[in-house]
Amino acid sequence: MSKLRWRLLASGGVLFCGTAVAEPLRVCTVVWPPHTVVAADGRTVQGAHTETVSRAMQVAGYEMSIDAVSWERCMRDIAEGYYAAAYAASYRDDRAAYAVYPREPIDSVRYVAVVRKGEGKGWNSQRSYGALPQPISAPRAWAVTDDLRRYPSVRIEDSSTHNEQDIRKLLAGRVGSAILEARTARKLLAELDLAGRLEILDEPIQSDRKYYMIFSRKALGDEGARLMAERFSSAISKRERR
């Protein structure tokens with residue numbers, strides 16, 4: 001889709017291709033259960049975050065076509081304008097250079113460490129992330145992964161693109177810890193750790209981290225992205241007031 005057509009959609013304009021049919025916005029996300037999951041058909045994206053953004057975008061007057069890809073690819077394609085929007089993205093200055101953030105987040109999350117039972121006793125966030133069993137596994141290009149990389153005592157293993165891979169590496173003894181969002185950790189351990197070999201450490205890695213749907217400046221233009229973000233925020237606010 002051309003940048004002009006993206007901008008028409010962002011401003012609420014109607015596209016004419018023989019009949020008056022608006023093309024859906026192309027949106028990317030990443031597999032992140034239970035927030036985003038791919039249905040049994042291998043194509044349809046579902047999950048709590050998908051429901052939230054779909055309802056808000058419907059209220060705002062937009063249709064979407066959603067692809068689940070690696071987060072690295074999603075952010076690259078948002079920057080280059082292939083996708084018009086993405087979810088769920090935490091705030092980073094480098095992302096704000098190529099995408100507009102709405103006022104309202106779609107969720108606030110807590111990250112935890114998952115270890116093999118009995119191996120995480122030295123962990124205390126007030127001391128050092130280096131107290132976690134090393135290396136630490138987390139998906140490539142995720143903000144939490146890059147945050148941990150700043151600590152010199154931490155060794156990061158980021159060959160994965162989603163959290164299920166991290167849990168499988170931990171079960172196989174290839175890494176010492178895995179960093180996951182708390183709801184994701186509970187869901188994946190219930191599905192993958194049937195023998196109960198892993199545990200979630202009580203003290204979180206990060207708390208109250210906000211996640212947003214973001215809108216591409218390249219695809220929509222600065223004004224179009226800003227307008228769409230405002231409409232999305234208004235729709236989220238209406239949903240929360242109900």
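The largest cavity is lined by Val30, Trp32, Trp71, Ala88, Ala89, Ser90, Arg95, Tyr111, Trp142, Ala143, Val144 and Tyr211. A cavity is a set of points, on a 1 Å grid over the protein atoms alone, where a 1.4 Å probe fits but cannot get out; lining residues have an atom within 4 Å of a point. Strand β7 (85–89) and helix α5 (143–149) each give two or more residues to this lining. Helices (H or I, at least four residues) and strands (E, at least two) are DSSP runs, numbered from the N terminus. The volume is about 100 Å³, taken as the space filled by probe spheres set on the points, which are joined across faces, edges and corners.

This is a predicted model: local features need pLDDT of at least 70, side-chain atom pairs pLDDT 80 or more, while totals for chains, interfaces and linings use all residues. Residues are numbered from 1 along each chain, and side-chain values use heavy atoms, without hydrogens and water.

Now take the rings. Trp32, Trp142 and Tyr211 are linked into a cluster by ring pairs. Rings of Phe, Tyr and Trp (its six-membered ring) pair if their centres lie within 6.5 Å; planes under 30 degrees apart are stacked, over 60 edge-to-face, the rest tilted. Trp32 and Tyr211 form a tilted pair, 5.1 Å centre to centre with 55° between the planes. Trp32 sits in the loop between β3 (25–29) and β4 (37–38) and Tyr211 in strand β14 (residues 206–216), so the pair ties together parts 179 residues apart in sequence. Both Trp32 and Tyr211 are buried, meaning under 20% relative accessible area with a 1.4 Å probe, protein chains only.

Note on methods
Buried means under 20% relative accessible area, exposed over 50%, partly exposed in between (1.4 Å probe, protein chains only). On a 1 Å grid over the protein atoms alone, a cavity is a set of points where a 1.4 Å probe fits but cannot get out, and a pocket is an open set with protein on both sides within 12 Å along at least five of seven lines; lining residues have an atom within 4 Å of a point.
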